[in-house]
Amino acid sequence: MARKQKQTNNDSAFVLFDVVYQDGARTSNRKVPRAEVEGLDGEAQARAFIEEQDRKIAEMSGNPRGPIKSMTRSAG
């Protein structure tokens, strides 16, 4: 029986972002599907994806998150 080759992490399904909010709060390694950040507007699409996640979390928890001040791709 032939062995399957392992895939490398370079082909992961997610891109990680560090997010800083206007109130000074910071979240690290926010997962965004790689398909969301492909193309010319990748960073804008990633921001919209994370903002939508924040809205859903706020609905469930009752604690709204402030606006995003900046986003950078996580190192790694």
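## A quick tour of the chain

Ser70 is a handy place to start: this residue belongs to strand S3, which spans residues 68–73. What you're looking at is a predicted model, where local features need pLDDT of at least 70, side-chain atom pairs count only at pLDDT 80 or more, and totals for chains, interfaces and linings use all residues. Residues are numbered from 1 along each chain as its sequence is written, and side-chain values use heavy atoms, with hydrogens and water left out.

**The overall plan**

- Helices (H or I, at least four residues) and strands (E, at least two) are DSSP runs, numbered from the N terminus.
- Out of 76 residues, 22% count as buried; that label means under 20% relative accessible area, while exposed means over 50% and partly exposed is in between (1.4 Å probe, protein chains only).
- Take the contacts (heavy atoms within 4.5 Å) between residues at least 6 apart in sequence: 42% of them join residues at least 24 apart.

**The sheet and the helix**

- The three strands form an open sheet in the order S2-S1-S3, with antiparallel pairing; strands pair if DSSP finds at least two bridges between them.
- S2 and S3 sit at the edges with a single partner strand each, so one side of each has no neighbour in the sheet.
- On average, neighbouring strands here are turned by 35° against each other, direction ignored.
- S1 (residues 14–21) is joined to S3 by five bridges, with Phe17 having Arg73 as its bridge partner in S3.
- Four residues lie between the strands in the hairpin of S1 and S2, where Gly24 takes a positive phi near 95°.
- Helix H1 lies across S1, S2 and S3 and runs at about 120° to S3. Axes are lines fitted to C-alpha atoms, for helices over the stretch in contact, and angles run from 0 to 180 degrees between N-to-C directions.

- Arg30 is in strand S2 and counts as buried because its relative accessibility is 12%.
- The side chain of Arg30 makes a polar contact with the side chain of Tyr21 at 2.9 Å. A polar contact is a pair of N or O atoms within 3.5 Å; within protein, one must be able to donate a hydrogen and the other to accept it, and residues adjacent in sequence count only if both atoms are side-chain atoms.
- Leaving aside residues up to four places away in sequence, Arg30 touches several others, including Ile50, Gln53 and Asp54.
- Ser70 is partly exposed, at 31% relative accessibility, and its contacts beyond four places in sequence are Asp18, Val19, Val20 and Arg47.
- Ser70 and Arg26 are 44 residues apart in sequence, yet 9.7 Å apart in space, C-alpha to C-alpha.
- Ala35 is in the loop between strand S2 (26–33) and helix H1 (42–61), and is exposed, with a relative accessible area of 61%.

**Charges over rings**

- The charged end of Arg65 sits over the ring of Tyr21, 4.4 Å from its centre.
- Lys31 lies over the face of Phe14, at 5.2 Å from the ring centre. The rule here is that NZ of Lys or CZ of Arg is within 6 Å of the ring centre and within 35 degrees of the ring normal.
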